[in-house]
Each structure stands twice: as C-alpha cells, then as structure tokens.
Amino acid sequence: MKTYYLSVLITLACCITLHAQQKRPNVIVIYADDLGYGDVSCYGAKRIKTPHIDQLANRGIKFTNAHATSATCTPSRFSILTGVYAWRKKGTGIAPGNAALLIDTAQLTMAKIFKQTGYTTAAIGKWHLGLGGQGGPDWNGEIKPGPQELGFDKSYIIPATLDRVPCVIIAGHRVENLDPKDPVNVDYHQKTGEWPTGKGHPELLTMKSSNGHDQTIINGIGRIGYMTGGKTAIWDDYTLTEKLTAQAESFITANQANPFFLYFASPNIHVSRTPGKLFAGKSGMGPRGDVILEFDWSVGRLIKTLDSLGLTKNTMILLSSDNGPVVDDGYQDEAEALIGEHQPAGPLRGGKYSAFDGGTRVPFIVSWPAAVKSGTSDALISQVDLVRSFASLLNQKLNADQAYNSFDMINQLLGKSRKSRPYLIEDANGLGIIADNWKYIAPNDAAAYDYTTKTELGNSKEPQLYNLSSDIAERKNLASQYPDKVKQLSKKLQQVKDEHGYHL
Ligand code: NG6
Ligand code: CA
C-alpha cells in the first residue's frame with residue numbers, strides 16, 4: 001500500500017514539475033543598436049516599412065513610454081543585463097574595443113536568472129561591455145572573463161561596435177578563425193604596425209568619415225582604434241548580420257526541446273552602416289534606412305525559425321533598442337541627405353547622446369502568444385526592470401542587494417497592469433528623472449548642442465521641467481512656473497543617487 005501511495009506521489013510530483021516546465025516560456029531579447037522611437041512602422045514611420053517588427057507589435061504589447069537607461073550604448077547594456085544603473089559605477093561610459101569586462105562576474109545578471117532555473121542561455125551579437133580581466137582581453141589567447149562568466153552558456157559576439165577595432169568575432173573564449181601565425185594587435189592610443197589609417201590614406205576608403213573614424217582601415221572603412229593582424233579572422237561587414245542571425249537560428253534549433261534564453265544584440269543600425277546585398281539601395285534612404293530593413297529581416301528570420309519549430313506560442317520575444325537615433329554618427333553615408341520627411345525619434349526631441357526623451361525613449365515590444373494579449377501600454381517602464389521582472393516570472397527570490405535598481409514589472413510586461421514605475425532615471429551627460437509624466441533635467445555644464453551629430457543634447461545650466469502629458473517634445477520649460485515640482489523631483493533624484501552611490 002505504502003509503495004502505491006509513494007508511486008502516486010512521485011507521479012503527481014513529476015506531473016507538477018512537467019506542467020511547470022511546460023509553462024516556462026523561451027525568452028528572446030532582441031536588442032537593436034541606435035534604433036529610434038520613430039524608426040519602425042508600428043511606431044509611426046511612413047517611408048520605412050518594418051513588417052516583422054510590426055507583426056510582433058500586432059500580436060503583443062507595444063509600449064509607448066519605455067526607456068533605455070542611457071542615451072548611449074555601454075551604460076544601457078550594463079543596466080539591462082544587471083538591473084543596476086551604470087552611473088553607479090565609474091568607467092561605464094562608451095567603452096573602447098579593448099576595455100576590460102565592466103560587469104563583475106559575481107554580480108547577478110539577466111543570463112544568470114535564466115541559467116539558475118535550468119535554461120540554456122546565449123549572447124549573440126554586439127557586446128560592448130569589455131572583455132578580459134584588468135588590462136583587457138588577450139586577443140590571441142583565452143578571452144575571459146566575458147559573457148560565459150556572466151551566465152551565458154554560449155557566446156558569439158563582436159567585442160564592441162561595428163566602427164571599433166578589433167573587427168573580429170569572439171566565439172566562446174577565442175577569436176574565431178584566427179591564424180596563430182598572424183596574431184591580432186590592438187591599440188587605442190597609438191598606431192600599431194603598418195596597416196594604413198583613414199587619416200594617412202583617405203584614398204583607400206570606400207566610406208568616408210564625417211567625424212573621427214580615421215584610424216585603422218578595415219574593409220575600406222576607417223575605424224576607431226588601431227589594429228593589425230588576424231587577417232583570416234576579420235569579419236565581412238556586408239554579411240555580418242546574416243552570420244549572426246544564422247547563429248541565433250541554430251541556437252534556437254539546437255535548444256528547441258528545452259527552455260532557452262537568447263540575448264540577440266544586433267549590431268544594426270549603428271555606424272558603420274553596411275547593408276547586405278538584399279538591402280543595399282532598397283529603402284531609398286541610403287544605408288541607414290537599408291540597415292533598418294536588414295534589422296527587420298533578421299527579426300523575421302527568428303520569427304520564422306520559431307514558427308517552423310512550433311515554438312511561437314510559448315516564446316516571449318522582447319524587442320527594444322539601447323538608445324535613441326542619430327543620423328550622421330561620423331560617416332558620410334548619405335543618411336542626412338536622404339532622410340526626407342522621416343523622423344527617427346518620432347515626436348520626441350533630441351536623439352542618441354541627448355537628455356531629452358529622444359535619447360532614451362525607445363521602441364519596446366513584448367510578444368508571447370500563449371500569455372500576452374495584444375494591445376498598447378503607456379506604462380512608464382525601464383529596461384533596468386527586466387532583471388527583476390524575469391526573476392519574478394521564474395519565481396526566483398532576489399536579495400535586496402541584487403539588481404537593486406530594477407522594479408518587478410512582470411505584470412506590465414504581460415499586459416495585466418498598466419501601472420507606471422513611480423519614477424525613472426535617464427542618463428545622458430547628467431541625470432534626468434521622470435515621475436507622473438513630469439520630467440526634470442538637472443542643470444549641468446555640458447554643451448546644449450552637438451554640431452557634429454546635429455543633436456540637441458538637452459543640457460542646460462538652468463533646471464528644466466517638462467510636462468510630458470501635454471508636451472511630449474519637451475519644448476516648454478516650466479521650471480520657473482512650478483518651483484515646488486522642481487524641488488520635489490530634484491530631491492527624489494538626489495535620494496535615488498544617495499541610496500547606492502554614483503559617479504555622475
Ligand atoms: C562615438 C562615435 C560614434 C559611435 C559612438 C558610440 C566618433 C566621432 N563617434 O564616439 O560613431 O561609435 O561613439 O555609440 O567616433 S554607442 O551606440 O556604442 O554608444
Ligand atoms: Ca547604441
């Protein structure tokens with residue numbers, strides 16, 4: 001009799017576990033680079049059509065008030081992966097291509113949340129969070145710590161940005177296709193070796209610089225930083241998106257039977273913009289428009305792969321961007337000349353680098369057909385919230401000292417609540433805070449306008465206060481009219497800064 005009960009119990013326990021496991025979704029975070037609030041058709045773009053991204057928005061939730069934590073890449077990526085604002089830690093600004101790993105391997109990460117609960121995890125695409133211990137990566141040896149020491153089982157990444165050396169892929173702990181007889185050398189301070197630079201040999205460039213980008217020439221493009229060697233390892237700019245997408249597809253296919261988490265950080269639509277054959281010239285807006293089409297295509301490929309494996313229903317896809325848009329980011333790629341009526345930041349003011357909302361308010365879509373009904377949400381939400389939200393989804397309890405800037409917004413992500421975060425911090429040159437649709441930008445000394453990227457940076461020596469409900473474009477500074485509001489928000493900002501320290 002006893003054995004009978006025991007076996008019933010075991011069967012029941014198995015069923016319960018299985019049931020729980022079946023319900024756990026696969027999760028894919030698709031993270032674009034520099035894709036603006038107005039760059040995709042489901043957020044209002046007219047000249048550019050992004051049918052695959054629109055498909056996710058149509059069947060999922062389109063957030064209209066979601067933010068990256070920063071107006072540039074490295075700090076936003078630091079925050080989305082750790083649940084901690086990057087401005088808590090020194091040295092988390094735009095990282096050079098040979099920076100040491102910026103995230104402490106002891107720190108909780110989004111990948112660890114999934115790995116701890118039995119998911120297989122992968123980081124594919126742009127990293128830009130440094131690699132290696134103090135002194136940076138050993139390009140010709142074992143490159144660690146990196147994503148794999150932060151909870152990613154698989155790592156297939158470009159170290160920094162498309163426009164930064166070294167232009168090689170890191171697969172696991174090694175440079176892919178490296179010939180040991182031709183070692184990679186990288187220097188960010190002085191020229192290393194004999195390879196020509198954009199500055200010395202502009203006649204060799206196929207894409208000219210409009211600002212900077214005049215150091216080592218790789219594939220006809222002047223880059224930031226100097227490099228030589230690793231000839232067999234150098235990526236092909238024109239097929240890189242395809243290559244990374246294929247890696248993502250094979251990761252999904254290989255893990256179709258178990259829950260997986262994929263962080264797919266596309267290097268599109270950052271400079272240098274080099275659309276593949278299928279997309280070159282297709283947008284009528286030059287390479288910037290073409291790589292938006294290419295990014296949309298790669299999203300479509302992932303959607304199709306999930307469809308073909310029968311995984312669509314129980315896969316959550318979250319798509320967003322690391323910061324707002326920029327048109328001329330340092331190359332003469334016709335982006336400005338061909339922009340026409342297109343508004344990369346939609347109705348928002350400023351863009352990448354800016355304290356105005358154009359810098360951080362970004363497309364943010366959640367699709368999970370099994371659990372999320374379609375709709376839109378104006379809930380104020382930050383990418384820093386994903387760590388605690390995913391922990392909550394997987395019933396993981398976190399300590400107070402882990403992901404301490406992250407709020408559990410899982411109900412908002414699943415469309416069960418439209419409640420806003422009580423406040424949200426934006427980081428450009430200084431910090432801004434949004435609460436109840438009021439936005440305060442703390443006074444700072446930085447320039448108000450960047451003449452090279454033609455960006456309104458939103459900096460001012462005066463306090464700025466905007467009512468985002470009636471003035472989404474932040475045109476009317478109401479600071480002198482509402483001194484109490486200014487006081488209240490600046491006090492809250494100071495309190496948040498003091499809670500865990502800051503360097504800004
Ligand atoms: C800037 C680069 C810009 C881009 C940016 C980082 C110049 C003139 N400008 O310094 O092209 O690389 O850094 O972008 O070199 S981010 O999206 O990775 O933050
Ligand atoms: Ca970026």
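Predicted model: local features only at pLDDT ≥ 70, side-chain atom pairs only at ≥ 80, totals over all residues.
Ligand 1 has on its own 450 Å² of accessible area, and the protein covers 86% of it. Such areas come from the Shrake-Rupley method with a 1.4 Å probe.

An N or O atom in the side chain of D163 is 2.7 Å from a ligand 1 oxygen. For K126, a polar side-chain atom lies 3.3 Å from an oxygen atom of ligand 1.

Now take the shell of ligand 1. It has 19 residues; C73, D163, R164, D329 and K352 come nearest. A residue is near if one of its heavy atoms lies within 4 Å. Asp, Glu, Lys and Arg count as charged; Ala, Val, Leu, Ile, Met, Phe, Trp, Tyr, Cys and Pro as nonpolar; the others, Gly among them, as polar.

Next, the domains. The chain is divided into domain 1 (23-179 + 233-413), domain 2 (185-228) and domain 3 (424-500). The bounds come from an automatic or database assignment. Domain 1 and domain 2 each give at least three residues to the shell around ligand 1. The C-alpha centres of these two domains lie 27 Å apart. In domain 1, 24 residues are in contact (heavy atoms within 4.5 Å) with 18 residues of domain 2.

Which domains line the largest pocket? Domain 1 and domain 3 each supply at least three residues of its lining. The lining has 22 residues, with V327, P344, A345, G350 and K454 nearest the pocket centre. By class, nine are nonpolar, eight polar and five charged. A pocket is an open set of points on a 1 Å grid over the protein atoms alone, where a 1.4 Å probe fits, with protein on both sides within 12 Å along at least five of seven lines; lining residues have an atom within 4 Å of a point.

Residues are numbered from 1 along each chain, and chains are lettered from A and ligands numbered from 1 as written. Local features need pLDDT of at least 70, side-chain atom pairs count only at pLDDT 80 or more, and totals for chains, interfaces and linings use all residues, while side-chain values use heavy atoms, without hydrogens and water.

Technical notes: Polar contact = N/O pair within 3.5 Å; in protein donor to acceptor, adjacent residues only side chain to side chain.
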